[in-house]
Amino acid sequence: MELVYPAAASVIEFSNATKTYRSILGRSVTAVEDFSLQVAEGEVLGIAGPNGAGKSTLLSLLLGFLRPTGGSVRILGEEPREYVRKNGIGYVPELMTMNPTWRADNALTRLATLADLPPAEIPARVNAVIEQLGIGEHRDKKVKALSKGNLQRLGVAQALLREERVMVLDEPTHGLDPVWTQRFRDIVEGLRRPGRTVIIASHNLDELQRVADRVAIIDHGRLQRLVTTGYDLSADTGGTYRIAVASGAERVPVLLPSARASSDGEFEIPFTDVSELNRALGSLIVGGVLIASVVPVRSVLEQQFREAVGESR
Amino acid sequence: MSGNLGRYLIWQCRDFVRERGIAVLLIGVVFGMTVIAPMKMAAAASATPMSDRMARQLLMIVLMQLSFIASFIVLNGLVSNDRKTGYYRFLFSKPVSLPAYYTQAFGVYFLGYLVVFALLLALFVVFVSPVQPFGPLAFAAIVFLSLGGIAFFISSLFRRDWVVLGGVLAGSQIISSVWGEAPGIRGVIARLFPPFGRLGDVMEGLVNRGTVEPQSLVWLLGYSAVFFVGGLIVLRRRPIG
């Protein structure tokens, strides 16, 4: 399988990366196994997988918090820890473990200091990310007084303090309300730069479908599939669409025997390719059925995810 | 020291004051009062002022115990706290070297500890008896540095470092008292443990004569320094996650 994103040079490279945890008693658990993938400059890569699939271990390998027990991980040709020590990475961890006694704005100021922002720029930059993430009214609060959602926003804010070349976001919308989940997608869109690589691990396939260029589906620590997102209908191999009918619903089963009524005025139509879907819709319209909407029951990513995870379990 | 880490010093100082410094100061005051107050009351009851010799002996009693307790509190969790709590995720996604970060933290904690002891000594001078501050302060520094390297190494290796450090301290005291003077293999084993037994001589020399026997000092600090370097190697080679 060709794993290099074709548009640009590779920034991150996993080569047969393996991480096995061994206990003192000799028991071992392999969290990541023989994982190979290259991520290109300018790419937004999603990582999806069920709980315990190895996503967080994979990201810890990428940040140099863990070392692979086999294979290698490189960022621009360097060992991750060495790269991070020299350059830093914009990182939103899944677990928002920040010192509870720090005040929100002080936490950003001290992390901006560690991020090596010029001292004169720090106050303005801190104010900017506070405003961007909408936590202005909580800036004087201690971390322990923040709600889960605000703490998550603080975690995202600290990752945006500096223009990083590599950004790693582990479940970044975890705990965010729907409004901020939507805003976060805009923030990620705003993170796109020709020279920046963004990696997002998430359970939320809809989110990955919207923000990522490709999604690596992992399970049991292995790369199961690499899916290019977006609705490329020419490449679509089929699925199920849900149609909502405004009038003439009684004629749908007659005109289209494969249609299955899912609820009042709604039908699910399985199809094998796009032309078949269009023929089916055409026959309904010609037959006097007034169609209100047509939506895929599952996205391409969701379908691939179910197939990949189902196959590996 | 890189620029960003140098500028982060102020935040480490702040952390020390809030998380350790005030606690050690309060413990020092309470501990000092429980030992010194009865002696002062006895001296007052007998209408005889406390002699310089008695004041020095009192100081030695307090200093020996308090410097160990304070060092233990200050050094506890130096590295392991960030690992246990997961704070490392935010700190070390920034362009920071782990060994440099914790070496700086060690330095800040050492200076903070000395400031706390200077304050405690000032209280002793004001409320008990005037003493030369150099000897007691130097002894407190030696205790911290003797324990520091070992604590640093243990903290870089173990999440529950205080348990291990407590075990090492207790073990070295027991082995030293049982096999300290023993010939052969037992004596060799006793000498492999931290040489805290030499601190008694060091304190006696510093507080009473203002001098210290170089061999004991070299042995104490050298032993600790070897472990400190070991801790730096662990931080460099072992992943923190």
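The structure is a predicted model, in which local features need pLDDT of at least 70 and side-chain atom pairs count only at pLDDT 80 or more, while totals for chains, interfaces and linings use all residues. Residues are numbered from 1 along each chain as its sequence is written, and chains are lettered from A and ligands numbered from 1 in the order in which they are written.

Let us start with chain A. It contains 10 helices and 13 strands, where helices (H or I, at least four residues) and strands (E, at least two) are DSSP runs numbered from the N terminus. Its C-alpha atoms occupy a box of roughly 70 × 50 × 40 Å along the principal axes. Of its 313 residues, 41% count as buried; a residue is buried if 20 or more other C-beta atoms lie within 10 Å of its own, exposed if 12 or fewer, and partly exposed in between, with C-beta atoms placed from the backbone. Two residues are in contact if their C-beta atoms, placed in that way, lie within 7 Å. Among contacts in chain A between residues at least 6 apart in sequence, 70% join residues at least 24 apart.

After H1(A) comes Gly64(A), with a positive phi near 80°.

Positive phi values also turn up at residues other than glycine. Asp34(A) has a phi near 50°, and its place is in strand E2 (residues 28-40) of chain A. Because Asp34(A) has 15 C-beta neighbours inside 10 Å, it counts as partly exposed. Leu76(A) likewise has a phi near 50°, but Leu76(A) sits in the loop between strand E4 (70-75) and helix H2 (80-87) of chain A. With 16 C-beta neighbours inside 10 Å, Leu76(A) counts as partly exposed.

What is the setting of Val211(A)? It is found in helix H7 (residues 205-211) of chain A. Val211(A) has 26 C-beta neighbours inside 10 Å and therefore counts as buried. Beyond its neighbours within four places in sequence, Val211(A) is in contact with Val44(A), Arg185(A), Val188(A), Glu189(A) and Ile200(A). Thr97(A), by comparison, is 114 residues from Val211(A) in sequence and 26 Å away in space, C-alpha to C-alpha.

Now for chain B, whose secondary structure comes to 10 helices and 0 strands. Its radius of gyration is 19 Å, close to the 18 Å that the globule rule gives for 241 residues, so chain B is as compact as a globular protein of that length. That radius is taken over C-alpha atoms, and the rule is 2.2 Å times the number of residues to the power 0.38. The C-alpha atoms of chain B fill a box of roughly 65 × 50 × 30 Å along the principal axes, and 33% of its 241 residues count as buried. Of the contacts in chain B with a separation of 6 or more, 75% are between residues 24 or more positions apart.

Two helix pairs are worth a look. Helix H6 (residues 134-157) and helix H10 (residues 214-237) of chain B pack at an angle of about 25°, with their axes 8 Å apart; axes are lines fitted to C-alpha atoms, for helices over the stretch in contact, and angles run from 0 to 180 degrees between N-to-C directions. H6(B) and H10(B) are therefore roughly parallel to each other. H6(B) passes H10(B) in a left-handed crossing, meaning that the near helix is turned anticlockwise from the far one by less than a right angle, with clockwise giving a right-handed one. Among the residues making the contact are Gly148(B) and Gly149(B) of H6(B) and Gly230(B) and Gly231(B) of H10(B).The other pair is H1(B) and helix H5 (residues 98-127) of chain B, which pack at an angle of about 35° with their axes 8 Å apart, in a right-handed crossing.

Finally, the chains meet where 21 residues of chain B are in contact with 27 residues of chain A. The largest share of chain B's side, 6 residues, comes from H1(B).

Technical notes: Parallel < 35°, antiparallel > 145°, perpendicular 65-115°, else oblique.
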